Structure formats: structure tokens, C-alpha cells
Amino acid sequence: MSSHQSKPTTQDLYEKAPSTRQTVKFLTAITIGATLLFLSALTLTGTVLALILATPVLVLFSPILVPAGTVLFMAFAGFCFSGGCGVAAITSLSWIYSYVTGKHPPGADQLDYARMKIAGTARDMTERAKEYGLSVQSDSSTTRLTS
């Protein structure tokens with residue numbers, strides 16, 4: 001009877017055991033993970049050592065490095081700004097050229113609507129100014145006749 005009971009237990013262990021493929025995947029993952037962890041620790045150690053060695057040099061040369069860094073940053077920012085303005089100018093001129101030549105660039109509808117709205121408002125203001133001018137003129141001629 002004891003040999004009968006040991007077979008199912010051994011069979012259960014074989015069924016529950018991971019397959020060879022799973023074992024290889026696990027070992028590969030462990031190997032890659034350990035290697036990356038070692039490289040990470042090595043990089044951190046190298047960075048700390050470089051910072052420890054470079055700190056006295058940076059402190060000694062900071063009166064030169066800080067203004068030089070400021071000048072380089074300002075020059076870089078100026079070049080980027082001027083380049084951005086140049087790109088904006090070229091883009092604007094290209095859009096205006098497309099609009100003037102009759103092509104329909106994006107935003108042309110909004111521009112036409114705004115132009116017509118401004119022209120209508122200007123026309124209304126001109127008419128109001130003429131009416132106001134006529135009313136002021138007629139008021140002044142009425143006061144002259146009565147005095």
C-alpha cells in the first residue's frame with residue numbers, strides 16, 4: 001500500500017513543477033536583472049567618485065565658469081529666439097503670399113470675416129459721425145438765429 005500512495009504524490013510534484021521553458025525564462029530574467037543592477041551600482045559609484053574629484057576644481061574655477069556659463073546660455077537663448085523669429089517671419093510671409101495669390105490658407109475665412117466686421121463697424125461709425133456733425137451744425141445755426 002505504501003508504494004501505491006507514493007506514486008500519486010510523485011505525479012503531483014511532476015505536474016506542479018515548472019516547465020523547462022519557464023525555468024529558462026526565469027533564469028534569463030534573473031541573469032539580465034542582476035547584470036543591470038550591477039551596472040547601475042557601478043554607474044552610481046563612478047558618478048559619486050567623479051563628483052568628489054571634480055568639486056574642488058569647480059569651486060576654484062567658479063569665478064570663471066559661472067560668468068562663462070551665463071554668457072553661453074544668453075548667446076544660445078539669443079540664437080534660438082532670433083531663429084524662432086525668422087521661422088515665424090517666413091511662415092507669415094508664406095501665408096500672406098498664399099492668401100494674396102488666391103489660394104485658401106488655413107484661417108483665411110476668419111480673416112475675411114474679421115475684415116468685413118471691421119469694415120461694417122467703420123461704416124457705421126462714419127455714418128454716426130456725419131449725423132452727429134449735422135446735428136451739431138443744425139444746433140449751432142439754430143442758436144445763431146435765435147440770438
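Colleague: So how much of the protein counts as buried?

Modeller: Keep in mind that this is a predicted model. Of its 147 residues, 3% count as buried.

Colleague: And what does the accessible surface come to?

Modeller: About 13200 Å², with 72% of that belonging to carbon and sulfur atoms.

Colleague: How many helices and strands does the protein have?

Modeller: Three helices and zero strands. Along the sequence that reads as α-α-α.

Colleague: Which residues does the "transmembrane region" annotation cover?

Modeller: According to UniProt, residues 26-59 and 71-97, though the entry is unreviewed.

Colleague: What do those spans look like in the model, helix or strand?

Modeller: Residues 26-59 are 100% helix and 0% strand, and their end C-alpha atoms lie 49 Å apart. For residues 71-97 the end C-alpha atoms are 39 Å apart, and that span is also 100% helix and 0% strand.

Colleague: Switching to side chains: how many aromatic pairs are there?

Modeller: One aromatic pair in the structure. The partners are Trp 95 and Tyr 99, stacked at 5.4 Å centre to centre with 5 degrees between the planes.

Colleague: Where do Trp 95 and Tyr 99 sit relative to each other in the helix?

Modeller: Both belong to helix H2, which runs over residues 20-100. They are four residues apart there, so about one helical turn separates them.

Colleague: What's the relative accessible area of Trp 95, and how does Tyr 99 count?

Modeller: Trp 95 has 26% and is partly exposed. Tyr 99, at 25%, counts as partly exposed too.

Technical notes. Residues are numbered from 1 along each chain as its sequence is written. This is a predicted model: local features need pLDDT of at least 70, side-chain atom pairs count only at pLDDT 80 or more; totals for chains, interfaces and linings use all residues. Side-chain values use heavy atoms; hydrogens and water are left out. Rings of Phe, Tyr and Trp (its six-membered ring) pair if their centres lie within 6.5 Å; planes under 30 degrees apart count as stacked, over 60 as edge-to-face and the rest as tilted. Helices (H or I, at least four residues) and strands (E, at least two) are DSSP runs, numbered from the N terminus. Buried means under 20% relative accessible area, exposed over 50%, partly exposed in between (1.4 Å probe, protein chains only). UniProt positions are given in the numbering used here, feature names are shortened, and annotations may be inferred rather than shown by experiment. Accessible areas come from the Shrake-Rupley method with a 1.4 Å probe; for residues, only the protein chains shown count as cover.
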